[in-house]
Amino acid sequence: MENSILEVTDLIKQYKQSDNVVTAVNRVSLKMKDGEFVAIMGTSGSGKSTLLHLCAGLLTPNSGSIRIRGNELTQMSPDQLAKFRGQYVGFIFQKHNLIAQLTALENITVPAMMMKKPDYSYEHSLKKLVETLKIKDRLHHLPEELSGGQQQRVAIARALINRPQILFADEPTGNLDRKNADEVLELLLATQKEFNQTLLMVTHDPKIAARADRILYMENGILSTKAP
């Protein structure tokens, strides 16, 4: 695939449960090109969130290859991987994973402070993100002082603040009502278009998946182009 940003080959991830071995991801291969939006659908427990975490370098596979921009994630040390992810990768967690002791503003700007990209000023992105996500008046609140939807908006801003080349999103609108979900989706699609950003999203929402360039389906750890 030309201009490929993500290349996953024969990925396997297994877990041991009691005396059984569960194969959460079973020989999955996937390629994505620059600026593409791919949605992954499937039932709970099908392995789609595990696959997303593997592709983003948050989990280590038992075997297989994960390349972003030609860089093999499975061969990196923890420090190398952390630096690489800060440079190229954004991740929106299903349950936001905010740092409880930090304000919303501090949570959002942590990635920018850690990376300090020499050719990038985050202030403009910060202003645009907090206005679009409607959290401007909540920036100095702690996560526990925010609603679930507001916490998720903060998490989305954190994932986008460094303008990652590839964004992984695990049910990013799962905690939002229909109106807010539609607004967040429009923000993600606008960002994707503006920066030619690649987006891999796990979703249960057919309306969101319908906006993707491709829909893939996960069942029993196997990725397919056909719905089960």
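Predicted model: local features only at pLDDT ≥ 70, side-chain atom pairs only at ≥ 80, totals over all residues.

Reader: How do you know that the radius of gyration agrees with a compact globule?

Author: For 228 residues, a compact globule would have a radius of gyration near 17 Å, and the chain has 17 Å, so the value agrees. Along the principal axes, the C-alpha atoms fill a box of roughly 50 × 40 × 40 Å.

Reader: And what makes up the fold, in terms of helices and strands?

Author: The chain has seven helices and ten strands. Of the contacts with a separation of 6 or more, 74% are between residues 24 or more positions apart.

Reader: What makes a residue count as buried, and what share of the chain is buried?

Author: A residue is called buried when its relative accessible area is under 20%. By that cut-off, 50% of the 228 residues are buried. The chain exposes about 11600 Å², with carbon and sulfur atoms supplying 48% of it.

Reader: Why is the length of H5 said to agree with its residue count?

Author: Helix H5 covers residues 148-160, and at 1.5 Å a residue its 13 residues should span 18 Å; the end C-alpha atoms are 19 Å apart, which agrees.

Reader: Why is H5 called mostly covered?

Author: Eleven of the 13 residues in H5 are buried. Among them are Val154, Ile156 and Leu160, along with Arg153 and Arg158.

Reader: How many charged side chains does the chain have?

Author: There are 28 positive and 25 negative side chains, and the centres of the two sets lie 2 Å apart.

Methods. Residues numbered from 1 in each chain as written. Heavy atoms only, no water. Helix = DSSP H or I, 4+ residues; strand = E, 2+ residues; numbered from the N terminus. Rg over C-alpha atoms; globule rule 2.2 N^0.38 Å. Buried < 20%, exposed > 50% of the residue type's maximum accessible area, 1.4 Å probe, protein only. Contact = heavy atoms within 4.5 Å. Areas by Shrake-Rupley, 256 points an atom, 1.4 Å probe, with all protein chains shown as cover. Lys, Arg positive; Asp, Glu negative; His and termini not counted. Charge placed at Lys NZ, Arg CZ, Asp CG, Glu CD. Expected span 1.5 Å × (residues − 1).
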